Amino acid sequence: MPHARHLRKGRCSLPGHCYLVTIVTSDRRTLFQDHANARAAARTFYAPAIMLHGNTLSYVVMPDHIHWLVQLKGDLSVMVRFYKAKVTKEIGESIWQRGFHDHAIRAEEDLRQAARYIVANPLRAGLVKDILQYPYWNAVWL
């Protein structure tokens, strides 16, 4: 099941490793078209409670989901649960689909390429013609 409650079967959280995480809103509602909601989702990547569990390397907040490249310090499931809870509290309503999708970045994969893939999502979705027009993304390689 692609949106499992925890890490995909056979996976484990490995501190120091990097993961590409996708979290989707319930019923693919476009809640992040609202500026305040998108700002809350973006700001939360750097909340102290989240940063205890990992470092955000790159992210993009799309209208109905987020992509997040993180270097883990603790347990990925716990980190995602804290992120979802904090965004839910900020917005004031339950917004997330259960679970998340994760992809462990292998040693031979390029982290910068994964970050480029993440931040190019608004371009591929046709939301903007220039990524600088889209305010809800970041990457440590800027």
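In the predicted model, the side chain of Asn121 forms a polar contact with the side chain of His67, at 3.3 Å. A further approach, at 3.2 Å, brings the side chain of Asn121 to the backbone oxygen of Ile118. Asn121 belongs to helix H5, which spans residues 121–124. Its relative accessibility is 9%, below the 20% cut-off, and Asn121 is therefore classed as buried. When neighbours within four places in sequence are set aside, the residues in contact with Asn121 are Val60, Met62, His65 and His67.

Helix H1 comprises residues 35–44, and at its N-terminal end it is capped by Asp34, a side-chain oxygen of which lies 3.1 Å from the backbone nitrogen of Ala36. Within H1, the buried residues are Asn37, Ala38, Ala40, Ala41, Ala42 and Thr44. The elements covering these buried residues include helix H2 (48–51), strand E2 (54–61) and H3.

Two packed helices are described by the angle between their axes and the distance between the axes. For H1 and helix H3 (residues 76–91), the angle is about 145 degrees and the axes are 9 Å apart. The crossing of these two helices, H1 and H3, is right-handed. On the H1 side, the contact is made by Asn37, Ala40, Ala41, Arg43 and Thr44, and on the H3 side by Tyr83, Lys86, Val87, Glu90 and Ile91. By residue class, the contact of H1 with H3 consists of five nonpolar, two polar and three charged residues. Among the H1 residues of this contact, Asn37, Ala40, Ala41 and Thr44 are also buried.

The loop between strand E1 (18–24) and helix H1 contains Asp27, and Arg28 is located in the loop between E1 and H1 as well. Asp27 is not a glycine, yet it has a positive phi of about 55 degrees. A positive phi, near 55 degrees, is likewise found at Arg28, again a residue other than glycine. Arg28, at 43%, falls between the 20% and 50% cut-offs and so counts as partly exposed.

Definitions and conventions. Residues are numbered from 1 along each chain as its sequence is written. This is a predicted model: local features need pLDDT of at least 70, side-chain atom pairs count only at pLDDT 80 or more; totals for chains, interfaces and linings use all residues. Side-chain values use heavy atoms; hydrogens and water are left out. Helices (H or I, at least four residues) and strands (E, at least two) are DSSP runs, numbered from the N terminus. Buried means under 20% relative accessible area, exposed over 50%, partly exposed in between (1.4 Å probe, protein chains only). A polar contact is a pair of N or O atoms within 3.5 Å; within protein, one must be able to donate a hydrogen and the other to accept it, and residues adjacent in sequence count only if both atoms are side-chain atoms. Contact means heavy atoms within 4.5 Å. Axes are lines fitted to C-alpha atoms, for helices over the stretch in contact, and angles run from 0 to 180 degrees between N-to-C directions. A crossing is left-handed if the near helix is turned anticlockwise from the far one by less than a right angle, and right-handed if clockwise. Ala, Val, Leu, Ile, Met, Phe, Trp, Tyr, Cys and Pro count as nonpolar, Asp, Glu, Lys and Arg as charged, and the others, Gly among them, as polar.
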